[in-house]
Amino acid sequence: MNNNMFCQSDWYHIDHKPLEIYMFIDPLCAECWALEPIMKKLHIEYGAYFRLKHVLSGQLATLNLGAKKQSKIAKIWEMTAIRSGMSCDGSFWLKKPISSPILTSISIKAAELQGKRAGIKFLRKLQELLFLEKENISDLHVLKNAAAIVGLDVEEFVKDLHSKSASKAFQCDLKIAAEMDVTEMPTLVFFNENIEDEGLKITGMYTYDIYVQIISEMLDKKPKPSSIPPLEQFLQHYKLVASKEISVVYEMPISQVEKEMKKWILQQKVEKIPAKYGTFWRYIGED
């Protein structure tokens, strides 16, 4: 696949971006996972106007994940999946509890040391492994496997994982979260170019139009959206996407998405990845 086709949409060519969005997430947070479809659409249509900075809150990493807590998280996962259409199986917490959530967060900072885009790809892969495949993403073997899948230098990744640099980077994220009084996930904080203005903090999930409205207010104008890439190009770029993600980005009913993807199965462009809630599609066409 020609990755550059997707990356050459006009929002990648604007060096100066008037807004910055701090996206506070926890890799174990189902609500953060559920926000993915909206963030994909926002980045494609309005990425020309903002830079997105992922900040790890470590909300779950700092908690004592006892049996009661795990049971509560399991219920939250199930409710989030039903409500959002982004599958996550709460039974994971009843069978394979996360042993070291802090290591998971530090691993993302270790991946970021190989580049911002590498860090984002690694984070997404961890989310897929956790929410779809119920893998223990605090296990070193799982982390190394994820690093290899997304094309990281695995030897360098393992070295960085145990370095002071990755640990300090995570501590820096925790400090930013504390300074901005971020206590719930996900939280987005919008900043404009005026350093005297306070950031606008939005906690939780809202409809896509709300985020567009916030961007418009921060810019003092209605921004012009970039065009959505062809669907196959979208799949080529992201490799694995949910029906829900396609539905949100392309404003298609889930039934229409499923119908289109069934055609693509016959054309050997995608393979179906069943999930407890909804469906995911892995692109297998020509790269």
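This is a predicted model: local features need pLDDT of at least 70, side-chain atom pairs count only at pLDDT 80 or more; totals for chains, interfaces and linings use all residues.

Trainee: Is the peptide bond from Met185 to Pro186 cis or trans?

Mentor: The bond is cis. Its omega is near -10°.

Trainee: OK, next loop. Where is Glu251?

Mentor: Glu251 is in the loop between helix H13 (243-250) and helix H14 (254-266). Its phi is near 50°, a positive value in a residue other than glycine.

Trainee: And is Glu251 buried or exposed?

Mentor: Exposed, at 62% relative accessibility. Gln268 has a positive phi too, near 60°. That residue lies in the loop between H14 and strand S6 (270-274). Gln268 counts as exposed, at 60% relative accessibility.

Trainee: What about Cys172?

Mentor: Its closest cysteine sulfur is also in Cys32, but at 19 Å, too far for a bond. Cys172 is partly exposed, with 40% relative accessible area.

Trainee: Now charges. How many salt bridges does the whole structure have?

Mentor: A search finds 17. Take Glu245 and Lys40: their closest N and O atoms are 3.0 Å apart. This pair links distant parts of the chain, with Glu245 in helix H13 and Lys40 in helix H3 (residues 36-46), 205 residues apart.

Trainee: Are those two buried or exposed?

Mentor: Both Glu245 and Lys40 are buried.

Trainee: Which helix holds Lys109 and Glu112?

Mentor: Both lie in helix H6 (residues 101-112). They are three residues apart, about one turn of the helix. Lys109 counts as buried at 5% relative accessibility, whereas Glu112 is partly exposed at 27%.

Trainee: What does Arg282 pair with?

Mentor: Glu271, with the closest N and O atoms 3.0 Å apart. Arg282 is in strand S7 (residues 279-283) and Glu271 in strand S6, 11 residues apart. Arg282 is partly exposed at 27% relative accessibility, and Glu271 is partly exposed at 34%.

Trainee: Which residues do shared partners join into one network?

Mentor: Glu36, Lys40, Arg124, Lys125, Glu128 and Glu245.

Note on methods: Residues are numbered from 1 along each chain as its sequence is written. Side-chain values use heavy atoms; hydrogens and water are left out. A disulfide is a pair of cysteine sulfur atoms within 2.5 Å. Buried means under 20% relative accessible area, exposed over 50%, partly exposed in between (1.4 Å probe, protein chains only). Helices (H or I, at least four residues) and strands (E, at least two) are DSSP runs, numbered from the N terminus. A salt bridge is a side-chain nitrogen of Lys or Arg within 4 Å of a carboxyl oxygen of Asp or Glu.
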